[in-house]
Each structure stands twice: as structure tokens, then as C-alpha cells.
Amino acid sequence: MEDIMHIIKNLDWSPLYISFKTAVFATVFAFFLGIYAARKAIQAPAGIKAFLDGVLTMPLVLPPTAAGFFLLLVFSTRRPVGAYLYDTFELKVIQTQAGCVVAAAVIAFPLMYRNARAAFEQVDVNLIYAARTLGMPEWKIFWKVVMPTAGPGVAAGTILTFARALGEYGATSMLAGNIPGKTGTVSQKIAMVLQDGDYLTAGVWAGIIVLLAFGVIVAMNLVQAGRMKHIKR
């Protein structure tokens with residue numbers, strides 16, 4: 001116990017800070033892109049919807065290292081996209097905090113997309129028709145009718161997205177690397193100290209992640225409980 005307290009006292013908290021910052025920004029991007037993609041997907045014809053669903057869900061089933069490899073190809077400064085971002089905006093994705101955010105957002109995006117799509121599909125279309133008969137524009141119907149109704153499902157997707165982004169390792173390590181104080185997340189820290197044979201420090205970090213994961217699960221259950229209460233009303 002004394003050894004554990006000594007480790008906690010002398011712990012470098014930068015990996016946790018980097019992980020949280022990465023998860024927050026990744027969740028923001030995935031939130032808006034996921035809602036937009038989900039809305040467009042449910043409005044698309046069946047064939048196009050199936051294709052879009054397959055493409056947008058792909059990061060969820062791909063090994064994170066494979067996704068990281070494709071991201072590395074896209075954002076390399078030797079490739080058109082990466083070269084354009086660097087030459088035009090001086091934005092370098094590889095081995096930067098931006099790379100952490102991009103990798104985490106891509107991996108976590110399908111969770112936001114699928115939860116948002118499922119929530120939108122459960123909205124009573126009669127509410128939308130009623131709003132249209134009142135002359136409400138489509139954008140107002142979406143934000144005033146659809147989003148409040150689908151709110152609990154969207155909130156659950158947001159929580160899962162944040163949790164997935166917080167623990168992302170494979171794609172992040174390939175795209176952003178493991179630079180202490182810059183791109184070194186908690187997951188990368190655990191892997192690094194394990195390679196050094198420091199199982200006690202790895203256990204402390206793993207315990208921190210377990211507590212955070214438990215908090216996320218509790219939050220998601222509270223959201224789901226609120227959703228069931230809303231449905232019963």
C-alpha cells in the first residue's frame with residue numbers, strides 16, 4: 001500500500017490530462033458529425049442508406065491499428081491531404097495532439113452515429129408532420145422537435161463516444177505516436193510502463209481508468225433511466 005501511495009504521490013498526471021483533452025475534442029467533433037450523418041442516412045433511399053451505414057460504421061469493426069494505418073496514409077505530409085493541410089494551414093496531424101484528436105474521433109465516431117441514428121428512427125413521425133402543418137421550417141423542427149425527443153439516445157451515444165475516445169490506443173499510437181507530455185495518453189502510458197516491467201505503476205493507471213470507466217457506465221445508466229421515465233410519460 002505504501003508503494004502505491006508513493007507512486008500516486010509522484011505520478012505525472014499529464015497522460016490523464018492529454019487523454020481528457022483528446023476525448024473532449026474528439027467527442028465534440030464526433031457529436032456534430034455523427035448527428036449530421038445519422039440525419040442524412042435515415043433520409044436516404046434504402047440502397048444508399050445501406051452503403052453509407054457500412055462506410056460510417058467501418059471504424060467500429062476495423063482493428064484500431066488498421067484504422068491508424070489508413071489515417072497515417074491520409075494525413076502523411078507526403079500525401080495530398082496531409083501536404084495540403086500543412087502547406088495551407090500549417091497543420092500537422094502526425095505526431096501531434098491534433099493527431100490524437102483525429103484518431104480518437106474516427107474510432108469513436110461510429111458509436112455516436114449509430115446511437116443517434118437509432119434515436120432519430122424512434123421519433124414519432126406524427127410529431128414532425130404536426131410541426132410541418134404549423135409552418136415550422138425543417139431546421140427548427142429538427143432542433144425543437146426531433147432532438148428533444150431523441151435526446152436520451154443521443155446523450156447515451158455521446159457518453160459512449162467520450163468513453164471510447166478516452167481509452168483509444170491503437171490508432172492514436174500509430175498516428176500521434178507516444179511523445180511524453182504531448183501525445184502520451186493514459187493507454188499509451190500503461191503500455192510503456194508494462195514494457196519496462198513496472199507492473200505496479202501500470203496497475204495504478206489501470207485502476208484510474210477502471211474508476212473512470214465505472215463513472216461513465218453509471219452516467220450512461222442514469223441517462224437510460226431518464227429515457228425510460230420519459231417514454232413512460
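Residues were classed by relative accessible area as buried (under 20%), exposed (over 50%) or partly exposed (in between), with a 1.4 Å probe and protein chains only. The structure is a predicted model, in which local features need pLDDT of at least 70 and side-chain atom pairs count only at pLDDT 80 or more, while totals for chains, interfaces and linings use all residues. Residues are numbered from 1 along each chain as its sequence is written, and side-chain values use heavy atoms, with hydrogens and water left out.

A salt bridge was taken as a side-chain nitrogen of Lys or Arg within 4 Å of a carboxyl oxygen of Asp or Glu. Six salt bridges were counted by this rule. In one of them, Arg-132 and Glu-138 meet through their side chains at 2.9 Å, N to O. Arg-132 is partly exposed, at 41% relative accessibility, and Glu-138, at 44%, is also partly exposed.

A network of salt bridges links Lys-49, Asp-53, Arg-114, Arg-117 and Glu-121. Within this group, the side chains of Glu-121 and Lys-49 form a salt bridge of 3.0 Å, N to O. This pair links distant parts of the chain, with Glu-121 in helix α6 and Lys-49 in helix α3 (residues 46–61), 72 residues apart. Helices (H or I, at least four residues) and strands (E, at least two) are DSSP runs numbered from the N terminus. Glu-121 has a relative accessible area of 39% and is therefore partly exposed; Lys-49, with 24%, is likewise partly exposed.

Arg-117 and Asp-53 form a salt bridge in which the closest N and O atoms are 2.5 Å apart. This pair also connects distant parts of the chain, as Arg-117 lies in helix α6 and Asp-53 in helix α3, 64 residues apart. Both Arg-117 and Asp-53 are buried.

Points were joined across faces, edges and corners, and a volume is the space filled by probe spheres set on the points. A search of the whole structure found one cavity of 30 Å³ or more. The largest cavity has a volume of about 30 Å³. Its lining consists of Ser-19, Thr-22, Cys-100, Ala-104, Ala-165, Leu-166, Glu-168, Thr-172 and Thr-185. The elements giving two or more residues to this lining are α2 (14–43), α6 (97–121) and α8 (138–166).

Technical notes
1 Å grid on protein atoms, 1.4 Å probe; cavity = no way out; pocket = protein on both sides within 12 Å on 5 of 7 lines; lining within 4 Å.
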